[in-house]
Structure formats: structure tokens, C-alpha cells
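Here is a friendly walk through one protein model. Please take a look at the sequence and the coordinates before reading on.

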Amino acid sequence: MIVRVSGEDQYRLADEDAPRVNDLENAVVAAVDSGDEAGFTRAYSALIDYVHAQGARVGDDEIETSDVILPPPDLSFAEAGREFTGEGLIPD
């Protein structure tokens with residue numbers, strides 16, 4: 001699975017990481033849906049941190065299609081309200 005973090009790079013994660021990425025993204029959606037800004041900040045940071053920690057950066061000379069595109073790490077809560085709604089960025 002290839003995850004792009006907007007404003008950064010692409011990261012290659014093992015297919016086995018997909019359920020965890022989905023769970024983390026669902027926590028972001030839940031926080032946004034409930035209006036919990038602090039919860040959003042924690043959940044989105046956990047999602048970005050997981051991608052950075054578990055993913056291997058895709059080289060600049062490689063051309064890969066992203067399976068998931070995440071907004072930049074400095075995404076505001078207001079912006080998140082437009083991005084993370086309903087099923088979120090990663091459909092179940």
C-alpha cells in the first residue's frame with residue numbers, strides 16, 4: 001500500500017498495515033464528527049506517526065500511484081471537517 005502525505009513524500013507500507021491505517025483514520029473521522037478538536041489532533045498525529053514509522057519512503061526516482069492521500073500534518077481542525085467526513089479518506 002502506498003500512502004502519500006501531502007506536502008511530504010510517499011510511503012510504502014505492508015499490506016498487513018492496511019487495517020491499522022484504517023483504524024487510525026476511523027479515529028480521526030470519529031473525533032471530527034464529534035467536534036473533538038483535541039481528539040482530532042491526537043488521532044491525526046497518531047496516523048501520520050504510524051505512516052512515518054511503519055512506512056518506507058518511496059524514492060524520488062520511483063513513480064508509484066498512491067492508494068491513500070493524507071492531508072499535510074499541519075491540517076487544521078476546520079480543514080479536517082471538510083476532509084474526514086462520512087467514510088473518511090479510506091472506505092471500509
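The report below goes from the sheet to the salt bridges and then to a few single residues.

## Ground rules

This is a predicted model, so local features need pLDDT of at least 70 and side-chain atom pairs count only at pLDDT 80 or more, while totals for chains, interfaces and linings use all residues. Residues are numbered from 1 along each chain as its sequence is written, and side-chain values use heavy atoms, with hydrogens and water left out.

## The sheet and a helix across it

Let us begin with the strands. Helices (H or I, at least four residues) and strands (E, at least two) are taken as DSSP runs and numbered from the N terminus. Two strands are said to pair if DSSP finds at least two bridges between them. On that basis, four strands make an open sheet in the order β3-β2-β1-β4, and the pairing is mixed. Its edges are β3 (56-57) and β4 (68-70), each of which pairs on one side only.

Strand β1 (residues 2-5) runs parallel to β4, with three bridges joining the two.

Helix α2 (residues 37-54) lies across β1, β2, β3 and β4, and runs at about 125° to β4. That angle lies between N-to-C directions on a scale from 0 to 180 degrees, with axes fitted as lines to C-alpha atoms, for helices over the stretch in contact.

## Salt bridges

How many salt bridges does the structure hold? There are four, where a salt bridge is a side-chain nitrogen of Lys or Arg within 4 Å of a carboxyl oxygen of Asp or Glu.

| Salt bridge | N to O distance |
|---|---|
| R57 and D9 | 3.2 Å |
| E64 and R12 | 3.2 Å |
| D60 and R57 | 2.7 Å |

R57 forms a salt bridge with D9. Because R57 lies in strand β3 and D9 in the loop between β1 and β2, this pair ties together parts that are 48 residues apart in sequence. D60 also meets R57, and D9, R57 and D60 are linked in a network of salt bridges.

How open are these residues? The scale is relative accessible area: buried means under 20%, exposed over 50%, and partly exposed in between, with a 1.4 Å probe and protein chains only. R57 is partly exposed at 42%, D9 is partly exposed at 23%, and D60 is exposed at 68%.

E64 and R12 also meet in a salt bridge. E64 lies in the loop between β3 and β4 and R12 in strand β2, so the pair ties together parts that are 52 residues apart in sequence. E64 is partly exposed at 33%, and R12 is partly exposed at 32%.

D17 sits in the loop between β2 (10-12) and α1 (18-33). Not counting residues up to four places away in sequence, D17 touches Y50 and Q54, contact meaning heavy atoms within 4.5 Å.

L75 belongs to the loop between β4 and α3 (77-83). Why does L75 count as buried? L75 counts as buried because its relative accessibility is 10%. Leaving aside neighbours within four places in sequence, L75 is in contact with F40, Y44, A80 and F84. L75 and Y44 are 31 residues apart in sequence, and 8.8 Å separates them in space, C-alpha to C-alpha.

A27 is part of helix α1. With a relative accessible area of 35%, A27 is partly exposed. A27 and D74 are 47 residues apart in sequence and 17 Å apart in space, C-alpha to C-alpha.
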